[in-house]
Amino acid sequence: MRIVISEFMSLDGVVQAPGGPEEDTDGGFAHGGWSHPFFDPEVVGGAFDDALRTAEGLLFGRRTWRTMAAAWPERAGDPFADRMNALPKYVVSGTLGDDEVRAWENTTRIPGDEAVARLRRLRAADGGDLLVMGSPTLVRTLLEEGLVDELRLMIMPVLLGGGKTIFPGDGGLRTLELVSTVASGAGVQVCTYRPVAQASA
């Protein structure tokens with residue numbers, strides 16, 4: 001399977017709480033819901049529809065999974081929600097209990113201390129895309145471990161001045177190839193990147 005990352009991102013690289021004011025206030029983050037003024041159904045919505053259409057599974061960190069699990073099961077009957085609910089889902093967490101995981105159908109918990117090994121095996125398996133949305137801590141680990149096959153970034157023309165990011169801070173050089181880009185009327189750049197294999201020294 002390919003591991004594909006899909007993120008709303010500010011121009012200064014912040015991915016924290018794009019959906020609402022109470023989504024994630026860690027660190028005193030006060031701009032929750034910042035993506036709403038830039039959302040349009042054709043370009044930004046279309047990027048999400050396309051990512052979900054090719055997904056054969058969803059992968060989340062604990063916080064993002066909890067947010068999604070509280071929202072999507074209640075939206076049954078909408079084609080997008082029905083697809084989200086039906087897909088196999090994986091959540092990386094060392095604290096979620098099995099009873100909590102049952103709150104969203106088709107969810108499997110991956111213990112945090114087994115995550116990298118388990119995700120390597122999932123990635124090596126046959127199948128389509130394993131789609132990651134949000135989950136900045138998990139995405140950072142995936143990038144650090146070289147487990148990301150594609151980054152789909154919806155870069156919005158706003159500066160947030162700080163907040164959670166998906167990018168590793170380990171000083172490593174990682175080269176990406178720009179595969180496609182589409183601009184919306186609101187100034188959103190939907191950019192698809194794939195890692196470039198680094199030649200050994």
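**Note on the predicted model: loops, cores and ring contacts**

1. Asn 106 counts as partly exposed, at 41% relative accessibility. The scale is as follows: buried is under 20% relative accessible area, exposed is over 50%, and partly exposed lies in between (1.4 Å probe, protein chains only). Asn 106 is in the loop between H4 and E4. Its phi is near 65 degrees, a positive value in a residue other than glycine. Most residues other than glycine have a negative phi.

2. On conventions: this is a predicted model, where local features need pLDDT of at least 70, side-chain atom pairs count only at pLDDT 80 or more, and totals for chains, interfaces and linings use all residues. Residues are numbered from 1 along each chain as its sequence is written, and side-chain values use heavy atoms, with hydrogens and water left out. Helices (H or I, at least four residues) and strands (E, at least two) are DSSP runs, numbered from the N terminus.

3. Ser 135 also has a positive phi, near 50 degrees, and is not glycine. Ser 135 sits in the loop between E5 and helix H6 (136–144). Ser 135 counts as buried, at 3% relative accessibility.

4. The largest nonpolar core has 35 residues. Such a core is a set of buried Ala, Val, Leu, Ile, Met, Phe, Trp, Tyr and Cys residues joined through side-chain atoms within 4.5 Å. Leu 58, Met 84, Trp 104, Leu 131, Met 133, Met 154 and Met 156 touch the most other members. At least two residues each come from strand E1 (2–10), helix H1 (44–53), strand E2 (55–61), helix H2 (62–71), helix H3 (79–86), strand E5 (129–133) and strand E6 (150–156). H1 gives the most, with 5 residues. Another core, of 25 residues, lies apart from it; Ile 5, Leu 122, Leu 138 and Val 139 are among its members.

5. Met 84 deserves a look. Leaving out residues up to four places away in sequence, Met 84 touches Leu 52, Leu 58, Met 68, Trp 72, Lys 89, Trp 104 and Met 133. Contact here means heavy atoms within 4.5 Å.

6. Next, H1 against H3. Their axes come within 11 Å and cross at roughly 35 degrees. Axes are lines fitted to C-alpha atoms, for helices over the stretch in contact, and angles run from 0 to 180 degrees between N-to-C directions. From H1, the contact uses Phe 48, Asp 49, Leu 52 and Arg 53; from H3, Phe 80, Arg 83 and Met 84.

7. The whole structure holds 4 aromatic pairs. Rings of Phe, Tyr and Trp (its six-membered ring) pair if their centres lie within 6.5 Å; planes under 30 degrees apart count as stacked, over 60 as edge-to-face and the rest as tilted. Phe 8 and Phe 48 make a tilted pair, 5.1 Å centre to centre, with 50 degrees between the planes. Phe 8 is in strand E1 and Phe 48 in helix H1, so the pair ties together parts 40 residues apart in sequence. Phe 8 is buried at 15% relative accessibility, and Phe 48 is buried at 13%.

8. Ring pairs also link Phe 60, Trp 65 and Trp 104 into a cluster. Both Trp 65 and Trp 104 are buried.

9. Two charges sit over rings. The test is NZ of Lys or CZ of Arg within 6 Å of the ring centre and within 35 degrees of the ring normal. Arg 75 lies over the face of Trp 72, at 4.5 Å from the ring centre. Lys 89 lies over the face of Trp 104, at 4.7 Å from the ring centre.
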